[in-house]
Amino acid sequence: MAMEPTAPSQYVLITQCLQNDFFLNLDCQLSLPDSAVSKLLLDSESGASLRAEGHRRVLSEAELRRSPLARFLDATVGSRMRGHGDGVLHLINIRDWHVPGETYDLERRQYGAHCEADTWGAAYVDGLTDVLAPDLRAPADAENGWGGKLRVHHVRSNTLFDFQHSSGGRPDLSEPAPLTTLLDGLLGEGQQETTHVVVIGVLTDIKVQLLLTGIRSRYDVRQLVVSDALTASRTLERHLTALDFCQRVLRTEVMTGLAELARFLGSRPDDDRRLSRGGDAEFVGYSSYIQDKQGILSYEDARMRDYRIQTAERLRRAQHTVGFASKFLLGLGTCLLASALLLSLVGVFLPDRIGWQSPAVLGALGVGQIVTLFFARPVRSVQDALAEETRYRMILESRSLKVALARFHITTAAALRRHDDVDGQTDALARQLEILEKMDTADFEQLKQLGVDPRTEPPRAGRLRGRNRSPAS
């Protein structure tokens with residue numbers, strides 16, 4: 001049986017918003033923090049640091065050429081320009097490109113002015129134009145240029161979602177966006193099976209995540225990868241959360257090593273060690289970070305639910321007891337006042353048999369009970385109940401978090417199987433518990449200043465053990 005010939009592999013590298021406003025313009029509201037810029041544009045082993053001149057970051061050409069982003073682009077795009085590599089690499093550069101209009105006004109109010117058309121901020125990152133836009137120096141025969149190994153495509157996007165297009169007003173869903181037209185041609189006609197797609201750039205939690213969502217929803221791409229080392233966001237939390245969403249929901253592979261990423265795109269880097277240096281940073285453990293964080297929070301939430309059930313039952317019993325006592329005092333006071341009134345009436349008709357002293361004493365007692373019930377005792381009871389409940393809640397919340405942290409440090413696989421850094425783990429746990437103790441002390445001091453903690457003496461140990469006993473202990 002004759003086998004159908006398989007389509008040759010093709011490779012697609014999509015860069016997202018590698019522009020000056022995001023990396024070098026300190027006046028731009030969307031400009032990345034120094035840590036994120038250093039991750040992509042500085043060699044971690046060179047000891048160099050970011051410099052600013054006025055409101056712009058400045059990088060020398062030598063520093064930029066040693067950066068992870070520049071080394072990766074040279075190993076992929078630069079390699080194809082030299083005629084090396086497997087198949088054809090399609091370089092798709094997506095740039096934010098905004099002209100005045102309703103769509104830009106809406107985005108500008110939320111994110112600030114950025115990437116305005118024909119400005120320095122909208123241009124490619126200074127020093128990387130030769131590898132991001134090599135077609136500006138392309139040979140005359142573009143189809144066969146660079147040995148037919150490279151195709152460069154520039155896409156200007158004026159909406160938050162690159163698969164939508166706007167002519168100045170609201171996005172026009174009937175008109176295909178330039179990116180849609182381009183990818184329809186590259187990923188159509190069975191090319192989804194043999195195409196390797198890699199996405200790099202910023203911002204991970206906005207533009208990159210939306211781009212991957214659009215690709216996954218429109219095309220059945222088998223090989224879809226996002227780079228961990230070559231993406232960034234304004235905070236590490238947002239970056240990691242977005243990568244977690246891409247992996248879990250969009251089924252996108254998250255790849256960290258730069259040499260591995262270059263080989264995935266059909267390149268054959270000559271020096272893996274040079275290419276990988278600085279590429280895997282501290283973000284390699286993002287998945288375990290998310291899982292560990294979720295484990296700590298889920299354990300604390302579970303304990304807190306148990307504690308809330310206990311405190312809710314205690315509060316219900318306390319309310320029942322207070323209600324019963326209030327009804328008893330009210331009834332007793334009413335009976336005493338009624339008895340005093342009755343004796344007073346009898347004393348009017350039989351003054352020789354009943355004096356004024358008995359009704360006066362009974363009336364005073366009745367009034368005292370009612371005054372105590374409605375004024376003094378409720379205020380005191382409410383203060384005591386509030387203080388006890390507040391203390392109890394704070395102690396239980398602090399305990400749940402401390403136990404969760406202790407479980408995290410003591411019962412992890414690394415702690416159970418390896419013992420080379422036990423002292424480090426113990427010191428980290430001790431420091432965290434010390435911080436929590438300081439927080440507890442500060443919180444209780446604030447409560448005392450507000451008068452919510454009327455008891456200055458600590459409860460007896462036996463009483464605390466009785467109250468804090470729970471199925472989770």
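Helices (H or I, at least four residues) and strands (E, at least two) are taken as DSSP runs and numbered from the N terminus. The structure is a predicted model, in which local features need pLDDT of at least 70 and side-chain atom pairs count only at pLDDT 80 or more, while totals for chains, interfaces and linings use all residues. Residues are numbered from 1 along each chain as its sequence is written, and side-chain values use heavy atoms, with hydrogens and water left out.

The chain contains 16 helices and 8 strands. Of its 473 residues, 41% are buried, that is, under 20% relative accessible area with a 1.4 Å probe, counting protein chains only. Contact means heavy atoms within 4.5 Å. Among contacts between residues at least 6 apart in sequence, 75% join residues at least 24 apart.

Helix H8 (residues 204-218) packs with helix H9 (residues 236-248) at an angle of about 10°, and their axes lie 9 Å apart. Axes are lines fitted to C-alpha atoms over the stretch in contact, and angles run from 0 to 180 degrees between N-to-C directions. Angles under 35 degrees count as roughly parallel, and H8 and H9 are therefore roughly parallel to each other. On the H8 side, Thr204, Asp205, Gln209, Leu212 and Thr213 take part; these meet Arg238, His239, Ala242, Leu243, Phe245 and Cys246 of H9.

Gln209 is located in helix H8. Gln209 counts as buried because its relative accessibility is 18%. Apart from residues up to four places away in sequence, Gln209 touches Leu203, Thr204, Ala242, Phe245, Cys246 and Leu250.

Technical notes:
Angles under 35 degrees count as roughly parallel, over 145 as roughly antiparallel, 65 to 115 as roughly perpendicular and the rest as oblique. Buried means under 20% relative accessible area, exposed over 50%, partly exposed in between (1.4 Å probe, protein chains only).
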